[in-house]
Amino acid sequence: MRLMIVTQDFPPETGGIQTYTLSHATHLVKWCSWVGVICPNKTGSSDLDPALNFPVFRLKSRNELLAFSLLTNLRPVLRDHPVDAVFHSQWQTAGASIRAREAGLVGKVFVAAHIRELLFNPYKHIPGLSRLFHKYRQWVLDHADHLYPVSDYTAGRLEELGVEPSRITVVINGTDPQKFYPEDASEIRKKLGIEHKKVLLTITRLVKRKGIDTVLEALQTVLNQVPDVHYLVVGEGADKMRLQQIVREQDLEEHVTFAGRVPYQEINRYYNAGDLFVMPSRTQEPDIEGFGIVFLEANACGLPVIGSDSGGIPSAIEDGVTGYIIPEGNPAELAGKILSLLSDPELAEKFGRQGR
């Protein structure tokens with residue numbers, strides 16, 4: 001098969017969809033006779049693209065406007081590089097491929113599904129545009145040949161939108177155990193002053209739905225039984241100031257570290273600086289955890305994980321095997337699971353090993 005992948009989000013930018021698409025393209029080269037990627041042009045692209053094992057076709061477009069750019073630019077690329085199928089990392093860009101299929105330029109149109117893009121409507125406060133946006137999304141979902149949600153939860157939401165189960169195949173996310181693996185993190189722990197602590201870890205964007213405030217609430221209970229516990233939060237985001245205020249109000253300054261954003265090449269060591277990974281996300285439509293690849297990255301480093309039953313997280317954690325799934329917004333249940341793992345190192349090691 002000759003395959004073209006189309007994505008709004010691609011390195012050198014960072015993020016979940018960027019990682020998702022780069023990983024798919026890199027590995028599908030092994031299974032296809034030819035793979036190419038169409039995406040927006042970005043600063044740093046000229047340094048990245050020559051090192052990849054597939055060609056990248058960069059269009060001058062903002063990420064969110066790529067669908068419009070494709071209306072005039074997709075067909076010339078497909079004429080020069082004929083393909084059997086086009087795979088879209090987001091539904092928004094698939095309209096041009098559906099039209100190209102009708103013109104005989106491509107055989108199949110495949111679309112990935114995460115979750116937020118199925119629920120988010122940027123024009124919800126503009127009735128006319130909102131209806132048009134909804135109709136376009138429904139048209140794409142109705143006319144795509146097959147859809148690939150990343151979790152059972154997302155598959156269920158597709159069915160609610162009228163997609164027949166026969167056109168849905170769940171392909172759960174993975175991660176590369178060559179990039180995420182157990183390693184010595186003593187230098188990082190020493191740098192952060194947590195070398196002799198039991199470390200709870202969260203690596204994420206600091207937004208309300210990630211449930212970091214739930215961890216802070218549970219931390220009070222955990223400290224009563226494990227006084228040397230420390231909570232390490234890696235990442236930046238709009239909720240940081242509110243979370244820091246909670247830490248001050250709860251007198252937790254000595255037990256919580258906000259490490260900020262760290263370079264990607266150091267992220268594996270930060271995972272290994274933790275003893276237990278926690279991210280009890282909660283549902284705040286349209287922002288829902290479609291999967292939670294950080295749980296797999298933490299597992300790959302040998303850490304047990306705890307997440308909530310929000311969105312697609314249950315597809316990322318095997319409850320009682322690689323970690324625990326708790327009800328969302330339940331600090332008491334979270335504290336209990338944290339204590340059960342901190343008080344039983346053999347169980348924690350077993351979960352981490354099985355996760356790896």
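This is a predicted model: local features need pLDDT of at least 70, side-chain atom pairs count only at pLDDT 80 or more; totals for chains, interfaces and linings use all residues.
A salt bridge is a side-chain nitrogen of Lys or Arg within 4 Å of a carboxyl oxygen of Asp or Glu. Residues are numbered from 1 along each chain as its sequence is written, and side-chain values use heavy atoms, with hydrogens and water left out.

**Salt bridges**

The structure holds 15 salt bridges. One of them joins aspartate 145 to arginine 101, with the closest N and O atoms 2.8 Å apart. This pair links distant parts of the chain: aspartate 145 is in the loop between H6 and strand E6 (146–149), and arginine 101 is in helix H4, 44 residues apart. Helices (H or I, at least four residues) and strands (E, at least two) are DSSP runs, numbered from the N terminus.

How covered are the two partners? Here buried means under 20% relative accessible area, exposed means over 50%, and partly exposed lies in between (1.4 Å probe, protein chains only). Aspartate 145 is partly exposed at 24%, whereas arginine 101 is buried at 19%.

| Aspartate 145 | Arginine 101 | 2.8 Å |

Aspartate 239 is buried at 5%, while arginine 242 is partly exposed at 30%. Aspartate 239 and arginine 242 also belong to a network of salt bridges that links Asp213, Asp239, Arg242 and Arg282.

**Helix H10**

Lysine 240 leads us to helix H10 (residues 240–249), where Lys240, Leu243, Ile246 and Val247 are buried. These four cover an arc of only 120 degrees around the axis, so they lie on the same side of H10. That arc is taken from the directions from the helix axis to the C-beta atoms. An α-helix has 3.6 residues a turn, so residues three or four places apart point the same way. The face of H10 turned away from the buried side carries the exposed residues Met241 and Glu249.

**Aromatic rings**

Rings of Phe, Tyr and Trp (its six-membered ring) pair if their centres lie within 6.5 Å; planes under 30 degrees apart count as stacked, over 60 as edge-to-face and the rest as tilted. A search of the whole structure finds twelve such aromatic pairs. Among them, tryptophan 91 and tyrosine 136 form a tilted pair, 5.5 Å centre to centre with 55 degrees between the planes. The pair links distant parts of the chain, 45 residues apart: tryptophan 91 is in the loop between strand E4 (85–88) and helix H4 (94–102), and tyrosine 136 is in helix H6 (residues 127–143). Tryptophan 91 is buried at 1% relative accessibility, whereas tyrosine 136 is partly exposed at 29%.

Another pair, phenylalanine 180 and tyrosine 271, is edge-to-face: 5.8 Å centre to centre, with 85 degrees between the planes. Its members also come from distant parts of the chain, 91 residues apart, with phenylalanine 180 in the loop between helix H7 (152–160) and helix H8 (186–192) and tyrosine 271 in helix H11 (residues 267–272). Phenylalanine 180 is buried at 3%, and tyrosine 271 is buried at 0%.

Which residues do ring pairs link into a cluster? They are Trp91, Tyr123, Phe133, Tyr136 and Trp139.

Charges can meet rings as well. A charge sits over a ring if NZ of Lys or CZ of Arg is within 6 Å of the ring centre and within 35 degrees of the ring normal. The charged end of arginine 116 sits over the ring of phenylalanine 120, 4.3 Å from its centre. Lysine 337 lies over the face of tyrosine 324, also at 4.3 Å from the ring centre.

**Two more stops**

Phenylalanine 277 is in strand E10 (residues 276–279) and is buried, with a relative accessible area of 0%. Methionine 1 lies in the segment before strand E1 (2–6) and is partly exposed at 48%. The C-alpha atoms of methionine 1 and tryptophan 34 are separated by 7.0 Å, although the two are 33 residues apart along the chain.
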